[in-house]
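Student: Could we go through this model together? I would like to begin with the strands and then turn to the pocket.

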Amino acid sequence: MIDAGHLDRRGRRLTLRPVDDDNWRAVADVAPRDDQRRFVAALGARYLLLSTRSEVWNSLAVYADETVVGHVMWGVDDDGSHWIGGMLIDAAEQGQGVGRATVQTLAPWLAARNGNPPVRLSYHPDNTLAAALYASLGFHPTGAMDDDEVVAERTR
């Protein structure tokens, strides 16, 4: 479990936990708002499948207290950089600071691995809410693109 002590706006403690036999169904059912589906997968199940079929990505369940409220992946690129990907917060949980607390929990944990590697993520350029969130957390565009997404790196 990764626990940095962050709380959401409801005062619930956010933790990141391995996906296991007890929580995988709840993670698979995580779904964004309809208007976000052009930026992220329609269900957490897609990201779970990706992480089981890929040697790069590792899935984590996002918990608020003892309730699964989202999914996030992390991976290590060939250049040693560490990536945050596949963050999906359930529609009913959005607007509560869950996404912010998830990144605030995972980014420092990744940065502390293997000699302080760069921590990166990507987002669609039209996803202005994600861009603002990530910028407020110290991620800034590198100028690179990954497919059709802006690559940002944590600079603090």
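Predicted model: local features only at pLDDT ≥ 70, side-chain atom pairs only at ≥ 80, totals over all residues.

Student: Which residue in E3 is the bridge partner of serine 59?
Tutor: The partner of serine 59 is methionine 73.

Student: And what is the order of the strands in the open sheet?
Tutor: The sheet has seven strands in the order E1-E2-E3-E4-E5-E7-E6, and the pairing is mixed. Strand E1 (14–18) and strand E6 (139–146) are the edge strands, each pairing on one side only. From one strand to the next, the twist averages 35 degrees.

Student: What does H3 touch when it packs on the sheet?
Tutor: H3 touches E1, E2, E3, E4, E5, E6 and strand E7 (149–154), and its direction makes about 160 degrees with that of E4. H4 also packs on the sheet, touching E4, E5 and E6. The direction of H4 makes about 165 degrees with that of E5.

Student: Changing topic: how much space lies in the largest pocket?
Tutor: About 1,400 Å³. Its lining comprises 49 residues, and those nearest the centre are Phe39, Val40, Met87, Asn127 and Tyr134.

Student: Which elements give two or more residues to that lining?
Tutor: They are helix H2 (44–53), strand E3 (67–76), strand E4 (82–89), helix H3 (98–111), strand E5 (119–123) and helix H4 (128–136). E4 gives the most, with seven residues.

Student: How does the lining of the largest pocket divide by class?
Tutor: It has 22 nonpolar, 13 polar and 14 charged residues.

Technical notes
Residues numbered from 1 in each chain as written. Heavy atoms only, no water. 1 Å grid on protein atoms, 1.4 Å probe; cavity = no way out; pocket = protein on both sides within 12 Å on 5 of 7 lines; lining within 4 Å. Points joined across faces, edges and corners; volume = space filled by probe spheres on them. Helix = DSSP H or I, 4+ residues; strand = E, 2+ residues; numbered from the N terminus. Nonpolar A, V, L, I, M, F, W, Y, C, P; charged D, E, K, R; others polar. Pairing = 2+ DSSP bridges. Axes fitted to C-alpha atoms, helices over the stretch in contact; angles between N-to-C directions. Contact = heavy atoms within 4.5 Å.
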